[in-house]
Amino acid sequence: MSKDLEPGVIRKLDEVVVNRIAAGEIIQRPANALKELLENSLDAQSSHIQVQVKAGGLKLLQIQDNGTGIRREDLSIVCERFTTSKLSRFEDLAQIATFGFRGEALASISHVAHLSIQTKTAKEKCGYKATYADGMLQGQPKPCAGNQGTIISIEDLFYNMPQRRQALRSPAEEFQRLSEVLTRYAVHNPKVGFTLRKQGEAQPALRTPVGSSRAENIRIVYGSSISKELLEFNHRDDVFKFEADCLITQVNYSSKKSQMLLFINQRLVESAALKTAVDSVYSTYLPRGQHPFVYMSLTLPPQNLDVNVHPTKHEVHFLYQDEIIEKIKEQVEARLLGSNSTRTFYKQLRLPGAPDLDETQSADKTQRIYPKELVRTDASEQKLDKFLAPLVKSESGGSFSSSQEAKPLPDRSFRVTAAKKTREVRLSSVLDMRQRVERQCSVQLRSTLKNMVYVGCVDERRSLFQHETRLYLCNTRVFCEELFYQRLVYDFQNCTEITMNPSLPLKELLVLSLDSEAAGWTPEDGDKAELAASAAEILVKKAPIMREYFGLRISEMGQLESLPSLVPQYRPSIAHLPVYLLRLATEVDWDQEARCFETFCRETARFYSQLYWREGSDAVHPRWTMEHVIFPALKKFLLPPPRLKDQIYELTNLPTLYKVFERC
Ligand code: ADP
Ligand code: MG
């Protein structure tokens with residue numbers, strides 16, 4: 001051991017150096033300073049804010065406003081730490097509604113740059129100009145001419161911190177960041193006019209007018225490709241006490257760049273949790289790797305917001321965060337579905353090369369799944385069906401006599417015509433039907449359907465599916481009926497056709513239908529052949545409507561030539577065709593447009609939802625159809641009305657099963 005080794009002497013750091021280091025933590029680049037200055041100008045009730053920069057704000061960052069100004073007597077202390085006109089007691093911290101809450105911004109800036117303030121209040125006859133260094137006023141404020149308001153000039157940022165200065169080499173990048181901060185505040189404060197100018201350039205880099213609107217400012221700064229797709233909404237929640245003002249793009253718009261402008265209580269902040277949540281809603285509709293544009297302004301009771309975060313860390317946390325985010329997700333989804341974008345969304349599905357929804361759909365990745373919640377979801381694994389005895393049972397209720405035995409036509413008799421160019425629907429009756437579907441859609445049930453996993457089917461009416469840790473039994477028939485109804489409504493005028501080859505004679509089919517119990521024919525009704533002939537006549541007469549709007553073709557000779565193809569790969573059961581045709585002739589209200597479409601769609605949906613259920617027939621196996629055709633379509637297309645909730649029964653859930661096994 002050497003005796004000479006002495007410990008280093010601990011010295012107190014010079015106060016100026018300490019302050020400088022602390023200030024450098026708060027002001028890390030020009031954009032941080034600009035954010036603080038913009039908030040000060042907005043606090044001072046300015047209606048016009050002009051920013052001028054040189055070398056990305058590194059040489060000069062100047063902000064001029066027409067706000068209240070600073071009183072002369074305050075100029076001596078305005079740059080000292082913890083001086084603020086915005087709160088006086090510690091308790092105010094929780095209540096403060098203005099942006100500034102630390103009284104540190106100007107002080108910090110004065111430690112890392114040359115700062116000068118020129119200001120004039122309404123009361124004073126002239127303005128004053130003062131310069132500051134390390135938090136202290138240099139000399140006395142000098143009287144000067146000027147309008148009401150404040151000009152704050154920051155020169156040579158980090159002149160006294162060479163390493164920091166070095167790290168910010170690119171003025172272009174700093175300018176980009178400055179412009180991003182300014183545009184966000186401009187969108188959030190449309191009543192205030194903003195200008196951003198590079199010194200020496202005649203044209204401002206950015207300008208928004210005084211008294212504008214948010215949507216208009218978004219158009220000005222982000223362009224019309226975003227602004228024309230915007231959906232605006234406001235949501236108030238009295239339970240979790242928050243209000244959200246949002247402008248979000250519809251699903252037609254998407255971009256590689258994810259843009260989320262988030263303000264909480266008027267402060268520009270970031271929330272990774274909220275961003276992920278909103279993105280997860282869109283991921284169902286947008287191609288993989290594509291994002292929406294989202295502006296969101298949340299207002300929370302100030303005491304619920306954790307303001308005590310590091311000033312440069314804009315990430316915020318707030319009380320009831322998970323619940324509030326969940327509510328916002330619901331709202332976003334509801335608006336996306338409620339907007340006419342759904343129509344385009346349906347159209348997109350029809351276009352070749354459109355993204356496959358199932359593929360782009362991604363589960364909320366932030367959600368952690370515990371082992372006890374893990375359940376089998378691999379569709380290729382064994383299905384419950386394997387354990388069930390094959391069912392040989394015909395459609396209960398509508399039991400056919402002779403026609404019931406009619407076999408579905410072999411597959412080659414169907415040919416689906418290629419998709420035509422999409423025609424735009426203008427009929428208000430149809431638009432109303434769509435609107436009704438969208439308005440009634442249960443967001444919660446839709447989310448369940450979207451994320452469910454098919455387990456197996458019990459019979460032609462009932463299937464099992466799993467959602468999260470729950471196992472459900474659902475009335476497939478009712479779900480299918482609604483699905484086919486909606487497909488007709490959305491494919492209106494654009495139905496692809498299933499061609500019947502050969503075509504089928506209407507009259508013969510109608511005679512068959514009268515033989516069925518469902519028709520309820522009695523001798524008093526008259527001769528079957530005559531009745532069939534008059535029903536056929538009605539259908540031939542109404543054929544143009546059915547052909548034009550629904551892709552159902554009946555020739556003048558009374559031959560059925562095609563049926564609409566509503567779900568890819570799905571063919572309706574020919575066994576039920578005769579009764580369907582009879583009902584078209586008798587139950588559809590052909591006289592009044594809206595009623596006609598509604599009743600036609602309902603009757604057709606009813607027919608399509610009756611699956612042909614015979615095991616071992618030469619048709620495609622119905623269980624296969626259920627799993628690979630019907631369920632994917634339900635997941636993809638159905639906007640479920642709340643009444644369908646009654647058609648789902650929770651059989652069991654994982655925690656309950658665990659309890660059962662524990663007892664064993
Ligand atoms: P804070 O905003 O937290 O109060 P700052 O250091 O940002 O702290 O500002 C200190 C004080 O300077 C403010 O409280 C305000 O009184 C005054 N001030 C700063 N900028 C302006 C401005 N543009 N117009 C009027 N007053 C201002
Ligand atoms: Mg401030």
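This is a predicted model: local features need pLDDT of at least 70, side-chain atom pairs count only at pLDDT 80 or more; totals for chains, interfaces and linings use all residues.
Me: How many helices and strands does the protein have?
Reply: There are 21 helices and 21 strands. They are DSSP runs, numbered from the N terminus: helices are H or I with at least four residues, strands are E with at least two.

Me: What makes Ser110 buried or exposed?
Reply: Buried means under 20% relative accessible area, exposed means over 50%, and partly exposed is in between (1.4 Å probe, protein chains only). Ser110 has a relative accessible area of 0%, so Ser110 is buried. You'll find Ser110 in helix H4 (residues 105-112). Across the protein, 49% of the 664 residues are buried.

Me: Which residues does Ser110 touch, beyond its neighbours within four places in sequence?
Reply: Ser110 is in contact with Cys79, Leu115, Tyr132, Ala133, Asp134 and Gly135, where contact means heavy atoms within 4.5 Å. A polar atom of the Ser110 side chain also lies 2.7 Å from the backbone nitrogen of Gly135.

Me: How do you know whether Met626 is buried or exposed?
Reply: Same test: Met626 has 0% relative accessibility, so Met626 counts as buried. Met626 sits in helix H20 (residues 622-637). The C-alpha atoms of Met626 and Glu460 are 8.8 Å apart, though the two residues are 166 residues apart along the chain.

Me: What share of contacts joins residues at least 24 apart?
Reply: It's 72%, among contacts between residues at least 6 apart in sequence.

Me: Why are H9 and H10 called roughly parallel?
Reply: Angles under 35 degrees count as roughly parallel, over 145 as roughly antiparallel, 65 to 115 as roughly perpendicular and the rest as oblique. Helix H9 (residues 272-283) and helix H10 (residues 321-338) cross at roughly 30°, with axes that come within 9 Å. Therefore H9 and H10 are roughly parallel. The axes are lines fitted to C-alpha atoms, for helices over the stretch in contact, and angles run from 0 to 180 degrees between N-to-C directions.

Me: And what makes H18 roughly antiparallel to H19?
Reply: Helix H18 (residues 577-587) and helix H19 (residues 593-608) pack at about 165°, with axes 10 Å apart. So H18 is roughly antiparallel to H19. Among the residues making the contact are Leu577 and Tyr580 of H18 and Phe600 and Phe607 of H19.

Me: Why is H16 called oblique to H17?
Reply: Helix H16 (residues 506-515) and helix H17 (residues 528-550) pack at about 125°, with axes 8 Å apart. That angle makes H16 oblique to H17. Leu510 and Leu514 of H16 are among the residues in the contact, and so are Ala532 and Leu539 of H17.

Me: How do the residues of that contact of H16 with H17 divide?
Reply: They split into 12 nonpolar, no polar and 3 charged. Ala, Val, Leu, Ile, Met, Phe, Trp, Tyr, Cys and Pro count as nonpolar, Asp, Glu, Lys and Arg as charged, and the others, Gly among them, as polar.

How values were computed
Residues are numbered from 1 along each chain as its sequence is written. Chains are lettered from A and ligands numbered from 1 in the order in which they are written. Side-chain values use heavy atoms; hydrogens and water are left out. A polar contact is a pair of N or O atoms within 3.5 Å; within protein, one must be able to donate a hydrogen and the other to accept it, and residues adjacent in sequence count only if both atoms are side-chain atoms.
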